[in-house]
Amino acid sequence: MDEVFVIGDLHGSFQALEKLLTKWNAQKQRLIFLGDYINRGNDSLQVIQRVKELVEDYDAVALKGNHELMFMEWLKEPEKYALTFLNIGGVPTLQSMKTFVIKEEPTIDELIEGIKREHSQLLTWMENLPLYYRWGQYFFSHAGINPFVRRGEESTEHELLWIRDDFTEFPHEAEDIVVFGHTPTTNLNKDLSSEVWISPCCKKIGIDGGILYPDGRLNGVVLTEGNPSIIIHSVMNDELLIEQRTLAG
Ligand SMILES: [Mn+2]
């Protein structure tokens, strides 16, 4: 396929995902998800199940985000990560995953045991998600790359999942055009909008529209091999928007 359709951070926003997918052409475009499927929003379970289905049925690429990592860490050591879990919006994730019968006031350990039993395949799948994907000159990861490596692949796991300003603020040395989520574009765009951000050097494309923030959006970016023109579909306040931009400086 000579086109990809890249989707940014979802955070349990199932309806927005479904709406955006109406713009995806399954025959022509490979789907790529940049991670952060869960936490904060109400439909984390539905979102992961849908993404997993798209990977299995359509060969979509689903990368890991730091929220998937944090959730797995919490499942393993709930006491150690209790506060982090609350701060990152884990409670609605738990609620969406509580699809089984359990006594009225279960302890955390009982809840975790239930989740592990009920969703074991899904959890194994989440644990093993890839950290990056390459498509020609395009390099996809959740957060970005180490700005000093020659190729995105040489970045560490921690950088691929967590990096922010060190990557976004200055041009990187790799030739890669890096497509990433993680840092809401409202923190990158000078006008504070949630539109897709293209760096001045045109080698970074930030697409996390912060769907759960006021005036946030979910972005789906269509890239075509050898064509600097990109099409952006967005879901904002339940409406679909379309825009064309170009990567040329
Ligand atoms: Mn993130």
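**A walk through the predicted fold**

The protein chain has 9 helices and 11 strands, where helices (H or I, at least four residues) and strands (E, at least two) are DSSP runs numbered from the N terminus. This is a predicted model, in which local features need pLDDT of at least 70 and side-chain atom pairs count only at pLDDT 80 or more, while totals for chains, interfaces and linings use all residues. Residues are numbered from 1 along each chain as its sequence is written.

Taken along the principal axes, the C-alpha atoms of the protein chain fill a box of roughly 60 × 35 × 35 Å. The radius of gyration of the protein chain is 18 Å, which agrees with the value near 18 Å for a compact globule of 249 residues; the radius is taken over C-alpha atoms, and the globule rule is 2.2 Å times the number of residues to the power 0.38. Of the 249 residues, 44% are buried, a residue being buried if 20 or more other C-beta atoms lie within 10 Å of its own, exposed if 12 or fewer, and partly exposed in between, with C-beta atoms placed from the backbone. Among contacts between residues at least 6 apart in sequence, 65% join residues at least 24 apart, two residues being in contact if their C-beta atoms, placed from the backbone, lie within 7 Å.

An open sheet of 6 strands runs in the order β3-β2-β1-β9-β10-β11, with mixed pairing; two strands pair if DSSP finds at least two bridges between them. The edge strands, β3 (61–62) and β11 (239–246), each pair on one side only. Strands β10 and β11 run antiparallel and are joined by 8 bridges, and I231 stands opposite Q244 in β11.

Residue I230 lies in strand β10, which spans residues 227–236. I230 counts as partly exposed because 19 other C-beta atoms lie within 10 Å. Leaving aside residues up to four places away in sequence, I230 touches V221, V222, L223, R245 and L247. Of these, L247 is 17 residues from I230 in sequence, and the two are 7.4 Å apart in space, C-alpha to C-alpha.

Strand β4 (residues 132–135) pairs with strand β5 (residues 138–141) in the antiparallel sense over 4 bridges, and Y133 has F140 in β5 as its bridge partner. These two strands, β4 and β5, form a hairpin with 2 residues between them, and G136 in the turn has a positive phi of about 60°. Strand β5 also pairs with strand β6 (residues 177–180), in the parallel sense and over 4 bridges, with Y138 opposite I177 in β6.
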